[in-house]
Amino acid sequence: MLKEILAHNERFTQERKIRHIGHTPQKHTAIVTCMDCRLVTLFEEALGVQRGDVLMLRTAGATISTPERTSAHSDLIRSLAGGIYLLGVREIIVVGHTECGLANVNPTVLTATMQALGVDPHELIVQEKLGDMNGLLRWLGAFHDVHVNVQEVVDVIRQSPFLPRISTHGLVIDIQTARLTVVTQDK
Ligand SMILES: [Zn+2]
């Protein structure tokens with residue numbers, strides 16, 4: 001893949017002149033979504049956001065790992081703080097999606113894959129004090145219901161002591177149709 005990217009980039013930079021714009025998002029908004037490959041480019045198109053409009057933050061499952069929720073000590077909260085305090089963000093939109101890889105993770109498959117790649121999940125659970133398999137799943141950020149997860153992530157953001165109380169919404173995008181539904185909305 002790297003070779004492919006470098007070759008494309010060579011052609012791209014020769015053909016395209018990139019317009020210079022500032023690093024402050026024009027819409028003063030940060031959008032949090034998942035890393036799912038089916039969202040690449042489609043997501044921006046479906047929401048109608050252009051280069052320079054918003055900060056785009058992607059985490060596996062558009063979620064925050066359960067152990068990091070209580071104190072809101074997560075990299076996502078850190079990124080949102082940077083967006084708000086340094087880049088003028090005043091609105092946050094969390095967008096989960098249907099058929100997410102982090103939904104309904106099968107512990108048996110996870111265990112087998114980790115072992116096949118030379119990581120012993122049981123050793124890891126002990127070493128990192130995760131308790132049990134459920135602890136490992138919580139660390140990974142696995143969830144059952146995308147709507148519930150979006151609501152929980154929005155709640156963590158709304159209540160984070162690191163962030164001011166700004167307008168924060170939660171949505172779910174259908175990965176097949178790209179249709180958005182609102183889970184929770186601030187005024
Ligand atoms: Zn996902």
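Two strands count as paired if DSSP finds at least two bridges between them. Helices (H or I, at least four residues) and strands (E, at least two) are DSSP runs, numbered from the N terminus.

This is a predicted model: local features need pLDDT of at least 70, side-chain atom pairs count only at pLDDT 80 or more, and totals for chains, interfaces and linings use all residues. Residue numbers start from 1 along each chain as its sequence is written.

Start with the whole chain. It has seven helices and five strands. Along the sequence they run α-β-α-β-α-β-α-α-α-α-β-β. The C-alpha atoms fill a box of roughly 50 × 45 × 35 Å along the principal axes.

Now the sheet. Strands pair through backbone hydrogen bonds, either parallel or antiparallel. Here five strands form an open sheet with mixed pairing, in the order β2-β1-β3-β4-β5. Its edge strands are β2 (54-58) and β5 (180-184), each pairing on one side only. From one strand to the next, the twist averages 25°.

Look at one end of that order. Strand β4 (residues 167-173) pairs with β5 in the antiparallel sense, over four bridges. I173 has L180 in β5 as its bridge partner.

Two helices pack on the sheet. Contact means C-beta atoms, placed from the backbone, within 7 Å. Angles run from 0 to 180 degrees between N-to-C directions, with axes fitted to C-alpha atoms, for helices over the stretch in contact. Helix α3 (residues 75-87) touches β1 (29-33), β2 and β3 (91-97), and its direction makes about 170° with that of β2. Helix α7 (residues 146-159) touches β3, β4 and β5, and its direction makes about 165° with that of β4.
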